[in-house]
Amino acid sequence: MNMIKYKNSIHIADINFKNSDITIEYTYTESELDYFNGTGTYEHTTIKKVYKDNIDITNLLHEDYIEDLENETLEIHLNK
C-alpha cells in the first residue's frame, strides 16, 4: 500500500494570457507516492478560479485553455 502525502494551499498568479491580463487562483499539489517509475514526485497545479477585471470567468473558458493555464502557472510557481 502506498503512503500518500498531499500539501495543498491556495496561490495567486497574475499573468497575461491571450492578450488579456488575468488573475488565477490555483492550488499547487506535490504528492509522494512512488509515482509510476518510483521517483516519488508528482507536481501539478489545479486552477480554482480565473478572474478578468475582478469577474470570475472560470466557467467561460474552454478546457484546453484551463490546461494551458495550469501548465503556465506550474512554470511560474516552480520558478519563483
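Reader: Which residues does His77 touch, not counting residues up to four places away in sequence?

Author: With that exclusion, His77 touches His11, Tyr26 and Tyr28, a contact being heavy atoms within 4.5 Å. This is a predicted model, in which local features need pLDDT of at least 70, side-chain atom pairs count only at pLDDT 80 or more, and totals for chains, interfaces and linings use all residues. Residues are numbered from 1 along each chain as its sequence is written, and side-chain values use heavy atoms, with hydrogens and water left out.

Reader: Why does His77 count as buried?

Author: Buried means under 20% relative accessible area, exposed over 50%, and partly exposed in between (1.4 Å probe, protein chains only). His77 has 15% relative accessibility and therefore counts as buried. Its place is in helix H1; helices are DSSP runs of H or I with at least four residues, strands runs of E with at least two, numbered from the N terminus. Of the 80 residues of the protein, 29% count as buried.

Reader: Which residues touch the most other members of the largest nonpolar core?

Author: They are Ile15, Ile22, Ile24, Tyr26, Ile47, Val50 and Leu69, in a core of 13 residues. Such a core joins buried Ala, Val, Leu, Ile, Met, Phe, Trp, Tyr and Cys residues through side-chain atoms within 4.5 Å. Two or more residues each come from strands S2 (10-17), S3 (20-32) and S4 (42-52) and from helix H1 (63-78). S3 gives the largest share, four residues.
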